[in-house]
Amino acid sequence: MSGLAVFLGAALGFAAVRFKVQEDPIVEQIDAILPQTQCGQCGFPGCKPYATAIANGDAEINQCPPGGEDGIHKLAELLGVEFKPLNAEHGEPKPKSVAVIDETTCIGCTLCIQACPVDAILGAAKQMHTIIAQECTGCELCIAPCPVDCISMVPIAEDVATWKWKYPVVKLKVA
Amino acid sequence: MTRQLYEFNGGVHPEEHKHASTSRPIGIAPLPRILIVSLRQHIGQPAKPIVAVGEQVLKGQMIGQAEGYVSVAVHAPTSGTVTAIAGHAAAHPSGLTDLCITIAPDGADRWIEHSALDYRNMDPSHLRNQLRDLGIAGLGGAVFPSFIKLNPGATQKVPTLVLNGGECEPWITCDDMLMRERAAEILAGAAVMRYMLHSDEVLVGIEDNKPEAIAAMQAAASQCDFPVEVVTVPTLYPGGGAKQLIKTLTGKEVPSGGRSTDVGVATFNVGTAYALHRAVNHGEPLISRIVTVTGNVHRPQNFEVLIGTPLAELVRLTGATRDDTSGYVMGGPMMGFDLISTDVPMVKATNCILVKSLALFPPPPPAMPCIRCTRCAQACPADLQPQELYWFARAKNFGKTQEYHLFDCIECGCCSYVCPSHIPLVQYYRYAKSEIWAKEKDKKAADLARERHEFRQLRIEREQQERAAKLALKASAKLAEASPESPDDAANAAKKAAIQAALERAKEKKEGVTPRNIENLPPEKLQEIAEIEARRAKIRAMAKDAVEK
């Protein structure tokens, strides 16, 4: 009997090591929901630190304006907590935008390049800078350091490729 | 021997209204005042303009080249001058602007030099690239680049080639008229397809409401040097859908999310076969197609129209606008979309312009709640559960819609057609599809941003480490220089010894030197010297005292 118990125990122990399921750590799962704008509006220096803070219980789930209500719903569902409306202290959701450098004003100081969290600005000292629009997350972090205020945020216009079918509006009565 | 036919599930029988536009032969539309050629006419990446404003172009000259793999070229439909390369309202449900090349025709209609392709003696991949550069794309509605479909791929052959002459949608007759008038040319295109795909059999599926087209195609098939089977299929909407026609003709079902080539069948619209014939046997790019103009017009008819013709000019060919005209649809009543304006150019996908009036197309009655009658499920030719898709799309539960195979929906409109509650079901599916696409795009962008951000963090850390390592190296070098414990002691010792020796030599030299005038001095001189020495000693003692104090 005890021999069987020892054998089964060993078998279970072996199985636990051999067939260990590599769970996606909760931080990764939270990070996957966050929009990766890396804007820091949540009060943390990037999306990953915010995800870590949420996982440790140091931050609320409603501190990410670019993620919007949709993102909060997803976080609430993942973590099994109540939905909370977006905390206005951290900002308001804005339409998706990209930064645009006014190249006639730019003095080539490289401060914006250092501020960009995703290396989406191209340039060198005393050379004109420009933004790689496809890589820009619209975080606005480059605006404050610019000494000549030559960066502005331009909302992304809808075109034929990005246009979406709208939610059907059903008339209740024939006019 | 008649072929055994199969049935697909569902389908509906809407009123056909096809006779309206088949009583007149295909008319050749006159050269329009202006031509606006959209660069986004096909599925995939838009073409890239390769001409400049002010440039003279010839008919058939490439003005936009294919960019990326899923793309085809666009061409000048006539000779003239490029007057603009700018945004223009597009033939799209949104009515948004899109990049177009505007050409002012010079009226000469001068062709660029072109010649037939010797396709039998050509490398297959070179031939496919030629077809891409001639702008050939599927004219049945999806406008998928044909050269991609004409690649037999790893299997080396596609056993069954199906020409789709189903044309099941009400009102539209462009394929019908093309088959009636140009059957031999269609089969000449099919010959090229058959050659490229190494197909064993060629089937032409035509619905039985087009007896003239069937007769014309059969006559042409009997003259053909390869076997062609013209198959009459029962009229049932959407029997002309590619997957439905394959099921009817062969009994094979295209797997969910798969392509028809997965079951060894390639399907092409008859219009595409005709365009391919013009391209291969005449070297002409796709610059015109047959369009049905019908509905609330005086003389409904099919026209051969240059791509880029403004739709307003096209509609005018059928007579003056009727007073009760309420709108325009591009495509048919089941799958087409309302045009926001007729100031849009014709594209390769334009098969029909349907002019609406309230009498012909009364507005739909108000939508009522779903009563779960499942008539939509019975009508669905894609074997989906439209009522479930509707619930999930309405609740914006997009994950669930995908579980219920939303992307197998061909948006044929059978479900909305039979719905007793008049719910605009297809609109919900289109909404859900575009939301899912947008979310996928956002996710890709987020993944890219995450990757770039993480790389940046890594780079900053690496740079810091490198800087720290550099500084540490510099500091240690300085320290080593300052400290006597130098790594090469031997050299140091030698140096020291040399210094010591020099000091010794100097000392010896100093001792060896004696004043020359101290001998044979008179006694008074000696005394004077003694006095001076005594004074010096005194001064030295005083100086010593001052220092000590």
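Cys376(B) touches Pro386(B), Gln387(B), Cys415(B), Val418(B) and Leu425(B), leaving aside residues up to four places away in sequence. Contact here means heavy atoms within 4.5 Å. This is a predicted model: local features need pLDDT of at least 70, side-chain atom pairs count only at pLDDT 80 or more, and totals for chains, interfaces and linings use all residues. Residues are numbered from 1 along each chain as its sequence is written, chains are lettered from A and ligands numbered from 1 in the order in which they are written, and side-chain values use heavy atoms, with hydrogens and water left out.

**The cysteine site in chain B**

- An unreviewed UniProt entry marks Cys370(B), Cys373(B), Cys376(B) and Cys419(B) as "binding site". Such positions are given in the numbering used here, feature names are shortened, and annotations may be inferred rather than shown by experiment.
- These residues span 50 residues in sequence, yet no two of their C-alpha atoms are more than 10.7 Å apart, so they gather at one spot.
- Cys376(B) lies in helix 9 (residues 375–379) of chain B. Helices (H or I, at least four residues) and strands (E, at least two) are DSSP runs, numbered from the N terminus.
- Cys376(B) counts as buried, because its relative accessibility is 9%. Buried means under 20% relative accessible area, exposed over 50%, and partly exposed in between (1.4 Å probe, protein chains only).
- Cys419(B) sits in the loop between helix 12 (414–418) and helix 13 (425–482) of chain B. At 11% relative accessibility, Cys419(B) is buried.

**Salt bridges**

- The whole structure holds 35 salt bridges over all chains. A salt bridge is a side-chain nitrogen of Lys or Arg within 4 Å of a carboxyl oxygen of Asp or Glu.
- Lys48(A) pairs with Glu28(A), with the closest N and O atoms 3.5 Å apart. This pair links helix 3 (residues 47–56) to helix 2 (residues 26–33) of chain A, and its partners are 20 residues apart.
- Arg452(B) and Glu135(A) also form a salt bridge (3.5 Å, N to O). This pair crosses between chains, from helix 13 of chain B to the loop between strand 3 (130–131) and strand 4 (151–155) of chain A.
- Arg452(B) is partly exposed, at 24%, whereas Glu135(A) is buried, at 17% relative accessibility.
- Glu229(B) and Arg3(B) meet in a salt bridge too (3.3 Å, N to O). They are 226 residues apart.
- Salt bridges that share partners join Asp31(A), Lys443(B), Asp447(B) and Arg450(B) into one network.
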